[in-house]
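My entries are below the picture.

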Amino acid sequence: MARLSLKNICKEYPNGYQAVKNFNLEIADQEFIIFVGPSGCGKSTTLRMIAGLEDISSGEFKIDDVLVNDIESKDRDIAMVFQNYALYPHMTVYDNMAFGLKLRKTPKAEIDKMVREAARILDLERLLDRKPAALSGGQRQRVAMGRAIVRNPKVFLMDEPLSNLDAKLRVQMRTEISKLHKRLGATIIYVTHDQTEAMTLGTRIVVMKDGVIQQVDSPQNLYNKPCNVFVAGFIGSPQMNFLEAECVVSGKKAELKIGDVMITLPEEKAEKLIRGKYDGKKVIAGIRPEDVTLAANNAKDNVLQCTVNVYELLGSEAYLYTESGTNQLTARVSSATDIKAGDTVTFELDTTKIHVFDKETEETITN
Amino acid sequence: MNSSLSKSKKRRTVGIYIFFIIGSCIMIFPFVWMLLTSFKTVGESMQIPPTILPNSWSLDTYKDALKSLPFLALYKNTILLIFWRVVCAVVFSSMAGYAFAKLEFKGKNILFAIVLMQMMLPSQIFLIPQYKMLAKLGLTNSIFALVFPGLVSAFGTFFLRQAYMGIPDEIAEAARLDGCNQWQIFSKIMVPLTTSSMAALGIFTAVFAYGDLMWPLVVNTDINMMTLSSGLATLRGQFSTNFPVLMAGSLLAMLPMVIIYLVFQKHLIEGVAMTGGK
């Protein structure tokens, strides 16, 4: 398998549009890297540059220390699984999988062995004589994976491979891909806009926005320690609550004034705000829905009164979409609650889980 | 209520059948008339009021037609004309269509606009310049002269470009990653995926080449280098025409097209559906 190094990679189209700006990333052997971000953030363009399907405008792309900027796709030893599978409609499943090997003049017996082995792994043995038109979405997806596997490439690229599948099959295939990664020990780069896929599959996640990397980190760190408002809002569903606040410092104590309510921050978070001289400045307080709980009757500190707009039942739990003044707040509560839309509720915020962001730069002050 | 419904449905079906039977009769009538006339004498064919059936079923007119024209040469020329026009149209149009649909190069849009312009101009405009060109090269009265205007097909380029555009780019990209070069993408992936369109183009080209009269008449004046259509045209006299012989010749000339139709019936119907042509 392979190490990949992307240094100062940029993609600029002839009309001047910059799709990817100064992309820097080192990918270790056997890593499962996820590129995630909203539509148009440059994640697929980056993947296509890695595949050699798009020219790199500037920067250096190396595979195992070999500069491959000007090397043809076919000579990069990379396999790709496309969003719409891109199977050859006129070929059978067997021929689809064997095509790349035939072009590389692999002996017939070896091709047969490799195709049948891949088919066995992906449970495609019964379908080898069928054409893509006679397969279901999930089966086509597995054939696309098989076509990549048989070539035993240095790197696997996957461009939203599950987005055309139904929800149930998507969950199933997610597990399959995860198993496959462990089994093959391959370096995989996976593009998605589905954060569940990103969080469950990736060893590291690259969050992108407008062609710029926002943060590269493990799924856990991205969730718990986002580097800015965008990442904090993008990772997590429902997204993190953002509340307009003012920082009030008195001695070694720092509080956030949200509306008329004062929220006292723990010592270590307060210290960062004091050191950053945020006293009297506007900041953004971020808190995830699971860190907002219904307050006990006698709770007085760090509580916020809100009016429930929508009650959304998910089975074992429910989401309360509420508002407090100009702020919107979502809370995850037990489904056993009898709260309904229009009720006034008091929430307690877990201050150890509060994130504070600079209002101007939107960068994280403290997590 | 059910029976009245089924009765009205039956009436409608019968009405539709009658409508289509009348339509079919109108379409078939000229061919039947041609067949019957080919067995008549000259006098019978001009008789007023006309007779439907000939007095005697004689094959003399066919013998006369075969004597009047070198049918073997005409068949050979027509078949060669159709073969080369079809080969050139399909091969060159598929290459050009692929380039216009899937490759990026400077001036692509302008070049394609020129191709479209050629489609919009009547072919008669090119008749004299093309003839002069061939005459100067001393290439008249040859098979090449017959094929010449069909070496490239603007319609074919446009038609196959549309077919290639319907193939997702990802398929070509997957082939690139699998190890294909540009030629292999074209030959191993794109061509097999557009065979129906190519067959349709081939059949249309064959039909048009078979029916082409003006160009073969202008460029090949030697009877042994003529096609069936231009050869038949020589049977028409300035002052009188032997209609039974002309009809017999026309029936003999129809044979290749009938065979082509019977062999490629499925593709022809698909092609008509594809292009919306008729």
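**Entry 1**

I am working with a predicted model. I keep that in mind for every entry.

**Entry 2: the four-stranded sheet of chain A**

I started with the strand order. The sheet is open, has 4 strands and runs 2-1-4-5 in chain A. Its pairing is antiparallel.

Which strands stand at the edges? I find strand 2 (18–27) and strand 5 (66–67) of chain A there. Each has a single partner strand, so one side of each is left without a neighbour in the sheet.

Next I checked strand 1 (residues 4–12) against strand 4 (residues 58–63) of chain A. The two run antiparallel and are joined by 5 bridges. I looked up one pair: Leu6(A) has Phe61(A) of strand 4 as its bridge partner.

A helix also packs on this sheet. Helix 1 (residues 43–51) of chain A touches strand 1, strand 2 and strand 4 of chain A. I noted its direction too: about 65 degrees to that of strand 2 of chain A.

**Entry 3: the five-stranded sheet of chain A**

I then moved along the chain. Here an open sheet of 5 strands has the order 15-19-16-17-18 in chain A. The pairing is again given as antiparallel.

The edges are strand 15 (292–294) and strand 18 (327–334) of chain A. Each pairs with a single strand, so one side of each has no neighbour in the sheet. Neighbouring strands of this sheet are turned by 50 degrees against each other on average, direction ignored.

I followed strand 19 (residues 344–349) of chain A to its partners. With strand 16 (residues 303–313) of chain A, strand 19 pairs in the antiparallel sense over 5 bridges.

Which residue of strand 19 is the bridge partner of Val303(A)? It is Glu348(A). Glu348(A) is also the bridge partner of Thr293(A). I logged one further pair: Leu304(A) stands opposite Phe347(A) in strand 19 of chain A.

**Entry 4**

Strand 14 (residues 282–287) and strand 20 (residues 355–358) of chain A pair in the antiparallel sense over 4 bridges. Gly286(A) has His355(A) of strand 20 as its bridge partner.

Strand 20 also runs antiparallel to strand 21 (residues 364–366) of chain A, with 2 bridges. There I find Phe357(A) opposite Thr364(A). Strand 20 and strand 21 of chain A form a hairpin with 5 residues between them. In the turn, Glu362(A) has a positive phi of about 65 degrees.

**Entry 5: where chain A touches chain B**

How many residues does each chain give to the contact? I read 17 residues from chain A and 13 residues from chain B. On the chain A side, strand 6 (78–81) and helix 2 (93–103) are the elements that give two or more residues. By class, the chain A side divides into 11 nonpolar, 4 polar and 2 charged residues.

**Entry 6: domains of chain B**

The domain assignment gives chain B a domain 1 (2–37) and a domain 2 (60–276). I noted the spacing: the C-alpha centres of the two domains lie 35 Å apart.

**Entry 7: helix 8 of chain B and its neighbours**

The axes of helix 8 (residues 154–165) and helix 11 (residues 195–211) of chain B come within 10 Å and cross at roughly 165 degrees. Helix 8 and helix 11 of chain B are therefore roughly antiparallel to each other. Their crossing is right-handed.

From helix 8 of chain B, the contact takes Gly156(B), Phe159(B), Leu160(B) and Ala163(B). Helix 11 of chain B gives Ser197(B), Met198(B), Leu201(B) and Thr205(B). By class I get 5 nonpolar, 3 polar and no charged residues.

Then I turned to helix 4 (residues 71–102) of chain B. Helix 4 and helix 8 of chain B pack at an angle of about 50 degrees, with their axes 7 Å apart. That makes helix 4 of chain B oblique to helix 8 of chain B. This crossing is right-handed.

The contact includes Ala89(B), Gly97(B) and Phe100(B) of helix 4 of chain B. From helix 8 of chain B, Gly156(B), Leu160(B) and Tyr164(B) are among the residues used. The residues of this contact divide into 8 nonpolar, 5 polar and 2 charged.

Definitions and conventions. Residues are numbered from 1 along each chain as its sequence is written. Chains are lettered from A and ligands numbered from 1 in the order in which they are written. This is a predicted model: local features need pLDDT of at least 70, side-chain atom pairs count only at pLDDT 80 or more; totals for chains, interfaces and linings use all residues. Two residues are in contact if their C-beta atoms, placed from the backbone, lie within 7 Å. Ala, Val, Leu, Ile, Met, Phe, Trp, Tyr, Cys and Pro count as nonpolar, Asp, Glu, Lys and Arg as charged, and the others, Gly among them, as polar. Axes are lines fitted to C-alpha atoms, for helices over the stretch in contact, and angles run from 0 to 180 degrees between N-to-C directions. Angles under 35 degrees count as roughly parallel, over 145 as roughly antiparallel, 65 to 115 as roughly perpendicular and the rest as oblique. A crossing is left-handed if the near helix is turned anticlockwise from the far one by less than a right angle, and right-handed if clockwise. Domain bounds come from an automatic or database domain assignment. Two strands pair if DSSP finds at least two bridges between them.
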